[in-house]
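Q: Could you walk me through how to read this structure, feature by feature?

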Amino acid sequence: MVQKLQLSATVAESQIGQRLDQALAELFPDYSRSRIKEWILADCVLVNGKKINTPKGRVLGSESVTINAEIKENVRSIPQQIPLNIVYEDNDILVINKPRGLVVHPGAGNADGTILNALLHYYPAISNVPRAGIIHRLDKDTTGLMVVAKTVPAQTHLVEALQARKITREYEAIAIGNMIAGGAVEEPIARHASKRTHMAVHPMGKPAVTHYRIMEHFRAHTHLRLRLETGRTHQIRVHMSFIRHPLVGDPLYGSRACHPKGASDAFIKILRGFDRQALHASMLRLKHPISGIEMEWRAALPQDIVDLISALQADKKIVDEQKYG
C-alpha cells in the first residue's frame, strides 16, 4: 500500500551547520535518517520552496522545509483483540489510558500483543495511517495517557505539534530520596555506550528538558509532578536517576529499594515488592489536530501507585506520632 505524505517544519537555530539529512531526521523523528536521505535524493524535499537533492548540504537555520513523498507501508502486524481503555474518541483521534505491562509498538522481543495490534483490531482503517497513528510512546511498565491519530492529516498535525512542544504531558512519579524543592533537568540524552537497551545523559545526545515539582514529602521518598518539554526515550527515568533521585521500582535506572530507618517489615516488603517504575502519565493537553479546540484529559493514579503512596504516608505518620506523641 502506498501512502502520500506531506510534512513541513522550520529548521531551528540550534541546528545551524547540520547536514540537511541530519537536521530533517531531528525535525521528523518518526522517519529514519536513511529514509529521509532517500527522499532528498529523489527530489522530494523543498527548502525555501526549492528542490534540494544533496543530503550533505548544510542548513543555515530558519529555513522552511517541505517533504512531499510516498511511503510503502509493509504492514506485517496483525489485528489482535486486546482491551483498550479509551478515555476519548472522535473521528480524528483516540486518547488511551495505558495499563502497565503493555508495549506500545512491536519490536525486538515483542512481535505482537502491543497497542498497535490492539488498534488494528479496534479500528481497522487505522492501518492506512503510518504506525497505526501512534504519535508518542510510553514505556512498557509506565501507565497513563497517550494520544493516537485515526487519520493521516490528524497524525501530521499532531506530530508537528509534538515537535513544536505544543502538546503538554504531565506525569506523577515516586522518587527515592527526600527532595527539597522543584526544578528542572536540562541534560541531553543518547543511547548508552555499552548497554543498548539503556539511555544515558551524554553531551552529544539530543536536547532534553524535564520540569518537576514536589507534591508530597515522605520520610525517604518524594511524590513528584513532572512536565516534559521534550520526549526522549526513558527521559524522566534517566533525568531523575542523573540527579540521584531514581524512581521507585525502576529496573534499569533505579537502585536497591531504599527504606528509612526504623521502617516496619510490612513497609519494607511493600517497597521491595513494587516491581515497576512508579511513573504515570496523568495529564495530556493539546489542540485538536483538525478543529483546533484545546482539549485536556486526566487519568487517576493506578491502584499500585495509590497503594504505594498510602504505605509511604502510613510510615511517615507512625514515625511522626512516635516522635511528637
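A: Let's begin with burial: a residue is buried under 20% relative accessible area, exposed over 50%, and partly exposed in between, using a 1.4 Å probe and protein chains only. Y88, for instance, counts as partly exposed because its relative accessibility is 22%. Please keep in mind that this is a predicted model, where local features need pLDDT of at least 70, side-chain atom pairs count only at pLDDT 80 or more, and totals for chains, interfaces and linings use all residues. Residues are numbered from 1 along each chain as its sequence is written, and side-chain values use heavy atoms, with hydrogens and water left out.

Q: How many aromatic pairs does the structure hold?
A: A pair of aromatic rings is described by the distance of the centres and the angle of the planes. Rings of Phe, Tyr and Trp (its six-membered ring) pair if their centres lie within 6.5 Å; planes under 30 degrees apart are stacked, over 60 edge-to-face, and the rest tilted. The structure holds one aromatic pair. Its members are Y88 and W297, with ring centres 5.4 Å apart and planes at 50°, so the pair is tilted. The pair links distant parts of the chain, with Y88 in strand β5 (residues 86-89) and W297 in strand β15 (residues 294-298), 209 residues apart. Strands (E, at least two residues) and helices (H or I, at least four) are DSSP runs numbered from the N terminus.

Q: Is W297 buried or exposed?
A: W297 is buried, because its relative accessible area is 10%.

Q: Which residue lies over the face of Y123?
A: A charge sits over a ring if NZ of Lys or CZ of Arg is within 6 Å of the ring centre and within 35 degrees of the ring normal. Here K150 lies over the face of Y123, at 4.4 Å from the ring centre.

Q: What does UniProt list for D139?
A: UniProt positions are given in the numbering used here, feature names are shortened, and annotations may be inferred rather than shown by experiment. The UniProt record, an unreviewed entry, lists D139 under "active site". D139 is found in the loop between α3 (115-122) and β7 (143-149).

Q: Which residues does D139 touch?
A: Contact means heavy atoms within 4.5 Å. Not counting residues up to four places away in sequence, D139 touches K98, H234, R237 and Q277. A polar contact is a pair of N or O atoms within 3.5 Å; within protein, one must be able to donate a hydrogen and the other to accept it, and residues adjacent in sequence count only if both atoms are side-chain atoms. The side chains of D139 and R237 make such a polar contact, at 2.9 Å.

Q: Where is E170, and which side chain does it meet in a polar contact?
A: E170 sits in strand β8 (residues 168-176). Its side chain is joined to that of R227 by a polar contact of 2.2 Å. E170 counts as buried because its relative accessibility is 8%. Leaving aside neighbours within four places in sequence, E170 has contacts that include H280, M283 and R298.

Q: Why is α3 described as largely enclosed?
A: Six of the eight residues of α3 are buried, so the helix is largely enclosed by the rest of the structure. The buried ones are I115, L116, N117, A118, L119 and L120. They pack against β6 (93-98) and β7. At the start of α3, a side-chain oxygen of T114 reaches to within 3.3 Å of the backbone nitrogen of L116.

Q: What span should helix α4 have?
A: The expected span of a helix is 1.5 Å times one less than its number of residues. For the twelve residues of α4 (residues 152-163) that gives 16 Å, and the end C-alpha atoms are 16 Å apart, which agrees. T151 caps the N-terminal end of α4, with a side-chain oxygen 3.2 Å from the backbone nitrogen of A154. Among the buried residues of α4 are A154, L158 and V159.
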